Amino acid sequence: MVEHLAIIMDGNGRWAEARGLSRSDGHRAGARQIGVAARAAMKAGIKYLTLYAFSTENWKRPQDEVGVLMGLIQEFASSELPAMMRDGVRLRTIGRTGDLPLAARTALRYAIEKTAANDKLTINIALSYGGRAEIVDAVNKIIAEKRTDPVSEQDFISYLYAPDIPDPDLLIRTSGELRLSNFLLWELSYSEIYVTDTYWPDFNEETLQKALDSYSGRKRRFGGLNKK
Ligand code: IPE
Ligand code: IPE
Ligand code: MG
(Lines give C-alpha, C1' and ligand atoms only; values in the text may rest on other atoms or scores of the structure.)
(Ligands and ions follow the chains in the order given, each with its own letter.)
Protein backbone atom coordinates (compact mmCIF):
# COMPACT_ATOMS: atom_id res chain seq x y z
CA MET A 1 0.00 0.00 0.00
CA VAL A 2 1.45 3.34 -1.00
CA GLU A 3 0.71 5.92 1.67
CA HIS A 4 3.26 8.46 0.46
CA LEU A 5 4.09 8.87 -3.23
CA ALA A 6 6.88 11.20 -4.33
CA ILE A 7 7.24 12.28 -7.96
CA ILE A 8 10.06 13.95 -9.87
CA MET A 9 7.93 15.71 -12.48
CA ASP A 10 10.46 15.76 -15.30
CA GLY A 11 10.28 16.13 -19.08
CA ASN A 12 8.19 19.25 -19.70
CA GLY A 13 10.86 20.63 -22.03
CA ARG A 14 11.25 17.43 -24.06
CA TRP A 15 7.46 17.03 -24.27
CA ALA A 16 7.23 20.53 -25.77
CA GLU A 17 10.20 20.06 -28.08
CA ALA A 18 8.69 16.87 -29.50
CA ARG A 19 5.63 18.92 -30.46
CA GLY A 20 7.45 21.96 -31.82
CA LEU A 21 6.26 24.00 -28.84
CA SER A 22 8.18 26.27 -26.47
CA ARG A 23 9.50 25.11 -23.10
CA SER A 24 6.96 27.48 -21.50
CA ASP A 25 4.16 25.57 -23.25
CA GLY A 26 5.62 22.40 -21.79
CA HIS A 27 5.63 23.88 -18.29
CA ARG A 28 2.02 25.05 -18.68
CA ALA A 29 0.97 21.56 -19.76
CA GLY A 30 2.94 20.12 -16.85
CA ALA A 31 1.26 22.40 -14.32
CA ARG A 32 -2.17 21.36 -15.61
CA GLN A 33 -1.25 17.72 -15.06
CA ILE A 34 -0.79 18.17 -11.31
CA GLY A 35 -4.57 18.11 -10.78
CA VAL A 36 -4.89 14.95 -12.89
CA ALA A 37 -2.15 13.25 -10.87
CA ALA A 38 -3.66 14.38 -7.56
CA ARG A 39 -7.11 13.02 -8.40
CA ALA A 40 -5.61 9.70 -9.55
CA ALA A 41 -3.55 9.50 -6.35
CA MET A 42 -6.63 10.16 -4.23
CA LYS A 43 -8.55 7.42 -6.04
CA ALA A 44 -5.69 5.03 -5.29
CA GLY A 45 -5.92 5.79 -1.56
CA ILE A 46 -2.62 7.70 -1.37
CA LYS A 47 -2.47 10.11 1.60
CA TYR A 48 0.66 12.14 0.79
CA LEU A 49 1.83 13.28 -2.63
CA THR A 50 5.18 15.08 -2.72
CA LEU A 51 5.91 16.76 -6.04
CA TYR A 52 9.31 18.07 -7.11
CA ALA A 53 8.38 21.29 -8.90
CA PHE A 54 11.52 23.45 -8.65
CA SER A 55 14.97 22.53 -7.37
CA THR A 56 17.64 24.70 -5.77
CA GLU A 57 19.61 24.11 -9.01
CA ASN A 58 16.72 25.19 -11.26
CA TRP A 59 17.53 28.85 -10.38
CA LYS A 60 20.42 28.42 -12.87
CA ARG A 61 17.95 28.27 -15.78
CA PRO A 62 17.38 31.33 -18.02
CA GLN A 63 15.58 34.12 -16.18
CA ASP A 64 12.53 34.05 -18.44
CA GLU A 65 12.03 30.30 -17.89
CA VAL A 66 12.32 30.79 -14.12
CA GLY A 67 9.77 33.62 -14.41
CA VAL A 68 7.31 31.38 -16.25
CA LEU A 69 7.69 28.66 -13.62
CA MET A 70 7.18 31.12 -10.76
CA GLY A 71 4.06 32.46 -12.50
CA LEU A 72 2.70 28.93 -12.86
CA ILE A 73 3.32 28.19 -9.18
CA GLN A 74 1.38 31.31 -8.20
CA GLU A 75 -1.41 30.47 -10.63
CA PHE A 76 -1.60 26.87 -9.40
CA ALA A 77 -1.98 28.00 -5.78
CA SER A 78 -4.89 30.32 -6.58
CA SER A 79 -6.69 28.53 -9.44
CA GLU A 80 -6.61 25.08 -7.79
CA LEU A 81 -7.82 26.32 -4.40
CA PRO A 82 -11.56 25.72 -5.05
CA ALA A 83 -10.87 22.16 -6.26
CA MET A 84 -8.63 21.51 -3.25
CA MET A 85 -11.39 22.70 -0.89
CA ARG A 86 -13.97 20.56 -2.72
CA ASP A 87 -11.81 17.43 -2.65
CA GLY A 88 -10.41 17.79 0.87
CA VAL A 89 -6.84 18.42 -0.24
CA ARG A 90 -4.33 20.05 2.09
CA LEU A 91 -1.50 22.01 0.46
CA ARG A 92 1.98 22.16 1.96
CA THR A 93 5.41 23.11 0.68
CA ILE A 94 8.98 22.08 1.44
CA GLY A 95 12.13 23.91 0.41
CA ARG A 96 13.68 27.35 0.69
CA THR A 97 10.36 28.94 -0.22
CA GLY A 98 11.56 32.30 1.08
CA ASP A 99 13.53 32.52 -2.20
CA LEU A 100 10.29 32.63 -4.25
CA PRO A 101 8.88 35.93 -5.56
CA LEU A 102 6.45 37.65 -3.20
CA ALA A 103 3.37 37.04 -5.39
CA ALA A 104 3.98 33.28 -5.46
CA ARG A 105 4.71 33.21 -1.72
CA THR A 106 1.52 35.12 -0.95
CA ALA A 107 -0.70 32.85 -3.09
CA LEU A 108 0.90 29.76 -1.58
CA ARG A 109 0.55 31.02 1.99
CA TYR A 110 -3.13 31.79 1.43
CA ALA A 111 -3.86 28.32 -0.05
CA ILE A 112 -1.85 26.60 2.69
CA GLU A 113 -3.84 28.41 5.41
CA LYS A 114 -7.22 27.79 3.75
CA THR A 115 -6.58 24.07 3.22
CA ALA A 116 -4.85 23.41 6.56
CA ALA A 117 -7.73 21.38 8.03
CA ASN A 118 -8.33 19.21 4.92
CA ASP A 119 -7.33 15.61 5.44
CA LYS A 120 -8.11 13.48 2.42
CA LEU A 121 -4.82 14.05 0.59
CA THR A 122 -1.80 16.19 1.39
CA ILE A 123 -0.09 17.69 -1.65
CA ASN A 124 3.41 18.66 -0.62
CA ILE A 125 5.15 20.74 -3.26
CA ALA A 126 8.94 20.92 -3.25
CA LEU A 127 9.89 24.49 -4.25
CA SER A 128 13.41 25.83 -4.29
CA TYR A 129 14.02 22.44 -2.77
CA GLY A 130 17.31 20.58 -2.52
CA GLY A 131 17.99 17.47 -0.48
CA ARG A 132 21.39 18.83 0.50
CA ALA A 133 19.88 22.22 1.38
CA GLU A 134 17.31 20.46 3.59
CA ILE A 135 20.04 18.66 5.53
CA VAL A 136 22.17 21.81 5.81
CA ASP A 137 19.13 23.81 6.97
CA ALA A 138 18.47 21.15 9.62
CA VAL A 139 22.07 21.36 10.85
CA ASN A 140 21.83 25.15 11.06
CA LYS A 141 18.59 24.93 13.08
CA ILE A 142 20.42 22.67 15.53
CA ILE A 143 23.34 25.11 15.74
CA ALA A 144 20.93 28.02 16.29
CA GLU A 145 19.45 26.17 19.28
CA LYS A 146 22.96 25.93 20.79
CA ARG A 147 22.15 22.30 21.44
CA THR A 148 25.11 20.42 22.87
CA ASP A 149 23.74 16.91 23.50
CA PRO A 150 24.23 14.28 20.78
CA VAL A 151 21.59 14.15 18.04
CA SER A 152 20.00 10.80 17.15
CA GLU A 153 18.47 10.03 13.74
CA GLN A 154 15.04 10.46 15.31
CA ASP A 155 16.01 13.90 16.71
CA PHE A 156 17.51 14.90 13.37
CA ILE A 157 14.26 14.13 11.51
CA SER A 158 12.47 16.67 13.70
CA TYR A 159 14.61 19.43 12.10
CA LEU A 160 13.77 18.47 8.51
CA TYR A 161 11.13 20.38 6.49
CA ALA A 162 8.20 17.99 7.07
CA PRO A 163 8.99 15.75 10.05
CA ASP A 164 5.35 14.68 10.46
CA ILE A 165 5.13 13.19 6.95
CA PRO A 166 6.26 9.55 6.70
CA ASP A 167 9.06 8.67 4.25
CA PRO A 168 7.88 8.01 0.66
CA ASP A 169 6.98 4.40 -0.07
CA LEU A 170 7.43 4.96 -3.79
CA LEU A 171 9.35 7.44 -5.93
CA ILE A 172 8.30 7.93 -9.55
CA ARG A 173 10.53 9.79 -11.97
CA THR A 174 9.07 10.63 -15.37
CA SER A 175 10.96 11.04 -18.67
CA GLY A 176 13.47 8.27 -18.15
CA GLU A 177 16.35 9.86 -16.23
CA LEU A 178 17.98 7.47 -13.76
CA ARG A 179 19.00 9.95 -11.07
CA LEU A 180 17.69 11.66 -7.93
CA SER A 181 18.66 15.22 -8.90
CA ASN A 182 18.96 16.24 -5.24
CA PHE A 183 15.42 15.18 -4.28
CA LEU A 184 14.59 14.02 -0.72
CA LEU A 185 18.07 12.62 -0.08
CA TRP A 186 17.28 11.75 3.55
CA GLU A 187 13.71 10.56 3.09
CA LEU A 188 14.20 8.29 0.06
CA SER A 189 16.70 5.99 1.83
CA TYR A 190 14.40 2.94 1.58
CA SER A 191 11.80 4.07 -0.96
CA GLU A 192 11.03 1.90 -3.97
CA ILE A 193 11.92 3.56 -7.29
CA TYR A 194 9.95 3.49 -10.53
CA VAL A 195 11.12 5.29 -13.67
CA THR A 196 8.85 5.75 -16.67
CA ASP A 197 9.79 7.13 -20.09
CA THR A 198 6.50 9.06 -20.14
CA TYR A 199 7.04 12.83 -20.07
CA TRP A 200 5.36 14.57 -17.14
CA PRO A 201 2.65 16.36 -19.23
CA ASP A 202 1.49 12.90 -20.42
CA PHE A 203 1.37 11.38 -16.91
CA ASN A 204 -2.11 10.14 -16.09
CA GLU A 205 -4.09 7.58 -14.10
CA GLU A 206 -2.82 4.75 -16.29
CA THR A 207 0.84 5.72 -15.77
CA LEU A 208 0.24 5.87 -12.03
CA GLN A 209 -1.50 2.49 -12.03
CA LYS A 210 1.47 0.88 -13.79
CA ALA A 211 3.79 2.26 -11.14
CA LEU A 212 1.52 1.05 -8.32
CA ASP A 213 1.26 -2.41 -9.92
CA SER A 214 5.04 -2.58 -10.06
CA TYR A 215 5.24 -1.50 -6.42
CA SER A 216 2.75 -4.11 -5.25
CA GLY A 217 4.95 -6.88 -6.67
CA ARG A 218 7.99 -5.78 -4.68
CA LYS A 219 9.34 -6.99 -1.35
CA ARG A 220 10.48 -4.21 0.96
CA ARG A 221 13.11 -5.44 3.34
CA PHE A 222 14.58 -2.32 4.97
CA GLY A 223 17.84 -4.21 5.33
CA GLY A 224 16.21 -7.04 7.26
CA LEU A 225 14.73 -10.31 6.04
CA ASN A 226 11.30 -10.76 4.50
CA LYS A 227 9.85 -7.58 5.98
CA LYS A 228 6.80 -6.55 3.94
C1 IPE B 1 10.59 19.51 -15.40
O2 IPE B 1 10.77 19.59 -16.77
C3 IPE B 1 10.23 20.85 -14.79
C4 IPE B 1 11.31 21.45 -14.00
C5 IPE B 1 12.48 20.94 -13.78
C6 IPE B 1 11.04 22.75 -13.42
P7 IPE B 1 12.13 20.07 -17.43
O8 IPE B 1 12.04 21.53 -17.67
O9 IPE B 1 13.29 19.63 -16.63
O10 IPE B 1 12.07 19.27 -18.80
P11 IPE B 1 13.27 18.60 -19.58
O12 IPE B 1 14.00 17.72 -18.60
O13 IPE B 1 14.12 19.71 -20.10
O14 IPE B 1 12.61 17.80 -20.66
C1 IPE C 1 14.62 17.70 -11.42
O2 IPE C 1 14.60 17.83 -12.79
C3 IPE C 1 13.90 18.86 -10.78
C4 IPE C 1 12.46 18.91 -11.00
C5 IPE C 1 11.75 18.03 -11.67
C6 IPE C 1 11.81 20.03 -10.41
P7 IPE C 1 15.81 18.52 -13.59
O8 IPE C 1 15.41 18.49 -15.02
O9 IPE C 1 16.13 19.83 -12.99
O10 IPE C 1 17.00 17.52 -13.29
P11 IPE C 1 18.33 17.23 -14.10
O12 IPE C 1 19.00 18.55 -14.33
O13 IPE C 1 17.92 16.56 -15.38
O14 IPE C 1 19.10 16.31 -13.23
MG1 MG D 1 14.49 17.99 -16.67
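**Salt bridges in the predicted model**

At a relative accessibility of 16%, Asp10 counts as buried, because that value falls under the 20% limit applied to relative accessible area. In this predicted model, the side chain of Asp10 takes part in a salt bridge with Arg14, in which the closest N and O atoms are 3.2 Å apart.

In total, 17 salt bridges are found in the structure. One of them is formed by Lys43 and Glu205, with 2.9 Å between the closest N and O atoms. Lys43 belongs to helix 2 (residues 23-43), whereas Glu205 belongs to helix 8 (residues 205-216), and the pair therefore ties together parts that lie 162 residues apart in sequence. With a relative accessibility of 65%, Lys43 is classed as exposed, while Glu205, at 40%, is classed as partly exposed.

A further salt bridge brings together the side chains of Asp155 and Arg147, with an N to O distance of 3.0 Å. Asp155 is partly exposed at a relative accessible area of 25%, and Arg147 likewise counts as partly exposed, with a relative accessibility of 25%.

Notes:
Residues are numbered from 1 along each chain as its sequence is written. Chains are lettered from A and ligands numbered from 1 in the order in which they are written. This is a predicted model: local features need pLDDT of at least 70, side-chain atom pairs count only at pLDDT 80 or more; totals for chains, interfaces and linings use all residues. Side-chain values use heavy atoms; hydrogens and water are left out. A salt bridge is a side-chain nitrogen of Lys or Arg within 4 Å of a carboxyl oxygen of Asp or Glu. Buried means under 20% relative accessible area, exposed over 50%, partly exposed in between (1.4 Å probe, protein chains only). Helices (H or I, at least four residues) and strands (E, at least two) are DSSP runs, numbered from the N terminus.
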